[in-house]
Amino acid sequence: MIETKVEVSKDLEKALQALEQAKQRVANEKKKQNEKKRKAENHHKYIMGGIIVKYFPDCYSFDEGEGK
């Protein structure tokens with residue numbers, strides 16, 4: 001009967017370890033998805049910024065006094 005408890009605890013440890021690994025994989029995938037989304041948003045902002053500078057240059061003109 002003692003051997004059964006040892007086997008159960010080993011199985012439980014394996015299951016808990018698998019659970020932790022799965023949680024880590026899920027966290028990594030979420031991180032990758034957020035990074036892809038952020039890169040896409042930044043690329044869009046970069047493209048839109050270039051369009052604004054090209055077609056509306058007055059929006060980005062600064063005087064020397066404004067920079068200080």
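This is a chat about the predicted model shown above.

Reader: Before we start, what kind of model is this, and how are residues numbered?
Author: The model is predicted, so local features need pLDDT of at least 70 and side-chain atom pairs count only at pLDDT 80 or more, while totals for chains, interfaces and linings use all residues. Residues are numbered from 1 along each chain as its sequence is written, and side-chain values use heavy atoms, with hydrogens and water left out.

Reader: OK, how many helices and strands are there?
Author: The protein chain has two helices and zero strands, where helices (H or I, at least four residues) and strands (E, at least two) are DSSP runs numbered from the N terminus. Helix α1 covers residues 2-55.

Reader: How much of the chain is buried?
Author: Of its 68 residues, 1% count as buried, a word that stands for under 20% relative accessible area, with exposed meaning over 50% and partly exposed lying in between (1.4 Å probe, protein chains only).

Reader: And what does the surface come to?
Author: The accessible surface of the protein chain is about 7000 Å², and 58% of that belongs to carbon and sulfur atoms; such areas come from the Shrake-Rupley method with a 1.4 Å probe, and for residues only the protein chains shown count as cover.

Reader: Switching topic, how many salt bridges turn up?
Author: A search of the whole structure finds three, a salt bridge being a side-chain nitrogen of Lys or Arg within 4 Å of a carboxyl oxygen of Asp or Glu.

Reader: Which residue meets Lys23, and where do the two lie?
Author: Lys23 is joined to Glu20 at 3.9 Å, N to O, and both lie in helix α1, three residues apart, about one turn of the helix. Glu20 counts as partly exposed, with 49% relative accessibility.

Reader: What about Lys32?
Author: The side chain of Lys32 forms a salt bridge with that of Glu29 (3.8 Å, N to O), and this pair in helix α1 is also three residues apart. Lys32 is partly exposed at 47%, and Glu29 is partly exposed at 41%.

Reader: And how far apart in helix α1 are Lys39 and Glu35?
Author: They are four residues apart, about one turn of the helix, and their side chains meet in a salt bridge of 3.7 Å, N to O.

Reader: Last one: is Tyr55 buried or exposed?
Author: Tyr55, which lies in helix α1, counts as exposed because its relative accessibility is 55%.
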